[in-house]
Amino acid sequence: MAQIKSTVFYNPKKLKDLSQSSGFDFNKPAIPYLFSFINYFLPLRAKFISESYVAYEKDKIHGFITIERDERSRKRLKITKVFLEQNSFDIGKLLVQYIISRYCANGAVSYQVVVEDSQADMLFLFVEGCGFRKNAHELIYKVNSDDLKYDENAISEGFKFYKNVKSADVCRLYNLNINSYQRHSFARTKEQFEPYFAAGMCDKISFSYVLEDEQKGKVYGYFNITTYNNVDYMLDFVLDAAFEVYFEDALCYIVHCLGKRVKSSNLYVKIKTYFTNHKIFKEYCENKGWELVKSSCILTKDYLKEIKESSLLKSAKIVFNDITPAFKSNTSFNP
């Protein structure tokens with residue numbers, strides 16, 4: 001019978017050997033073992049790096065899964081890596097069910113995984129085997145910088161390096177542009193747009209820009225760029241519905257800024273279909289003839305919906321009387 005154990009307590013040599021033989025990236029060398037050990041014992045709200053688990057039987061690894069907080073959400077988690085040996089569908093279900101039960105006990109209420117459309121087996125595992133639902137799509141296009149012309153005088157105005165003081169404005173912008181029926185699954189809090197205290201321990205670099213009207217004090221666009229190797233950069237963004245025309249200017253500005261950081265780089269654009277205006281950006285990339293690198297399905301599984309105390313609960317009078325004692329004292333029973 002398969003057993004499941006955190007990689008913190010599993011033989012690292014066996015993980016490394018399997019990684020070399022399968023080509024799957026198990027380890028994150030940039031993260032010292034001590035940090036992983038400390039992170040394992042922290043409560044969910046304080047975890048700062050991802051956690052991984054292996055399913056093994058008789059010292060042979062049959063499955064592997066990695067989970068982390070989704071954009072530093074307090075209670076929403078994201079499955080980022082899955083590896084299963086051939087004919088290990090039941091092992092996959094066991095791993096997913098294990099982490100869901102483990103983290104639900106620690107306060108998690110929602111789980112998310114992004115699976116490429118071409119990975120039919122993985123989609124079947126999560127949808128049919130584990131009860132996830134298809135909630136949205138994610139499209140990644142590779143930007144051809146030769147199609148973009150940067151004019152510093154015309155484009156730089158309005159684009160600023162993102163500062164923490166605008167986190168509430170950015171959060172409001174982000175949530176207002178999500179389709180109303182998908183807002184529960186993808187809405188964020190302002191804390192998720194603030195600097196991460198453990199950023200130096202992560203294996204990725206992240207920085208952001210905003211499109212801002214300083215006179216009105218309003219933010220109309222947010223552009224987050226991440227990289228794991230200082231060569232390939234991923235742009236994750238949101239633009240207000242009335243400002244889609246600035247999309248090309250934003251790309252020009254970002255390509256220009258990347259040129260100052262590194263001599264050579266690749267920029268990829270991530271388009272999420274849960275935004276109300278995603279079709280405009282999709283059509284723009286298609287009209288440019290940019291390569292669609294990846295099309296993925298965003299799967300979610302929710303357990304609880306957090307709600308604030310309603311005014312009804314605060315003002316309503318609640319009365320409860322156990323009538324049993326009175327009934328017993330005033331009633332006799334003659335057999």
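These are my notebook entries on a predicted model of one protein chain.

**Entry 1: the whole chain**

I began with the overall figures. The chain has 335 residues, of which 43% count as buried. I found 11 helices and 12 strands in its secondary structure. I then looked at how far apart in sequence the contacting residues are. Of the contacts with a separation of 6 or more, 70% are between residues 24 or more positions apart. The chain exposes about 19,500 Å², and 51% of that area comes from carbon and sulfur atoms.

**Entry 2: helix α4**

I looked up which residues of α4, spanning 120-129, are buried. They are Met122, Leu123, Leu125, Phe126 and Gly129. I noted the spacing rule here: an α-helix has 3.6 residues a turn, so residues three or four places apart point the same way. Next I checked what covers these buried residues of α4; the cover includes strands β4 (76-84), β5 (110-116) and β12 (291-302), as well as helix α3 (89-104). After α4 comes glycine 131, which has a positive phi near 80 degrees.

**Entry 3: a nonpolar surface patch**

I turned to the surface. Phe9, Tyr33, Leu34, Phe37, Ile38 and Phe41 make up a nonpolar patch there, with about 610 Å² of accessible area together. I picked out Phe37, which belongs to helix α2 (residues 33-41). Its relative accessible area is 31%, so Phe37 counts as partly exposed.

**Entry 4: phenylalanine 161**

Is Phe161 buried or exposed? Phe161 counts as exposed because its relative accessibility is 52%, and the cut-off for exposed is over 50%. Leaving aside residues up to four places away in sequence, Phe161 touches Phe207, Ser208 and Tyr209. I also checked Val210, 49 residues from Phe161 along the chain; the C-alpha atoms of the two are separated by 6.4 Å.

**Entry 5: helices α8 and α9**

I examined the packing of α8 (residues 247-261) with α9 (residues 278-288). Their axes are 11 Å apart and the angle is about 65 degrees. That makes α8 roughly perpendicular to α9. On the α8 side the residues that meet α9 are Phe247, Glu248 and Leu251; on the α9 side they are Phe281, Tyr284 and Lys288.

I followed up the charged pair at this contact. Lys288 and Glu248 form a salt bridge, with 3.8 Å between the closest N and O atoms. Lys288 lies in α9 and Glu248 in α8, so the pair ties together parts that are 40 residues apart in sequence. Lys288 is partly exposed at 28% relative accessible area, and Glu248 is partly exposed at 29%.

**Entry 6: other salt bridges**

I counted 11 salt bridges in the structure. One of them joins Lys14 to Asp59, with the closest N and O atoms 3.3 Å apart. This pair links distant parts of the chain: Lys14 is in helix α1 (residues 12-22), while Asp59 is in the loop between β2 (51-57) and β3 (60-69), 45 residues apart. Lys14 is partly exposed at 28% relative accessibility, whereas Asp59 is exposed at 52%.

I then looked at Lys166, whose side chain meets that of Asp169 in a salt bridge at 3.8 Å, N to O. Lys166 has a relative accessible area of 17%, so Lys166 counts as buried; the cut-off for buried is under 20%. A network of salt bridges links Lys166, Asp169, Arg172 and Glu212.

Methods: Residues are numbered from 1 along each chain as its sequence is written. Side-chain values use heavy atoms; hydrogens and water are left out. Patches are made of residues with over 30% relative accessible area and no salt bridge: like charges are joined within 9 Å, nonpolar side chains (Val, Leu, Ile, Met, Phe, Trp, Tyr) within 5 Å. Accessible areas come from the Shrake-Rupley method with a 1.4 Å probe; for residues, only the protein chains shown count as cover. A salt bridge is a side-chain nitrogen of Lys or Arg within 4 Å of a carboxyl oxygen of Asp or Glu. Helices (H or I, at least four residues) and strands (E, at least two) are DSSP runs, numbered from the N terminus. Buried means under 20% relative accessible area, exposed over 50%, partly exposed in between (1.4 Å probe, protein chains only). Contact means heavy atoms within 4.5 Å. Axes are lines fitted to C-alpha atoms, for helices over the stretch in contact, and angles run from 0 to 180 degrees between N-to-C directions. Angles under 35 degrees count as roughly parallel, over 145 as roughly antiparallel, 65 to 115 as roughly perpendicular and the rest as oblique.
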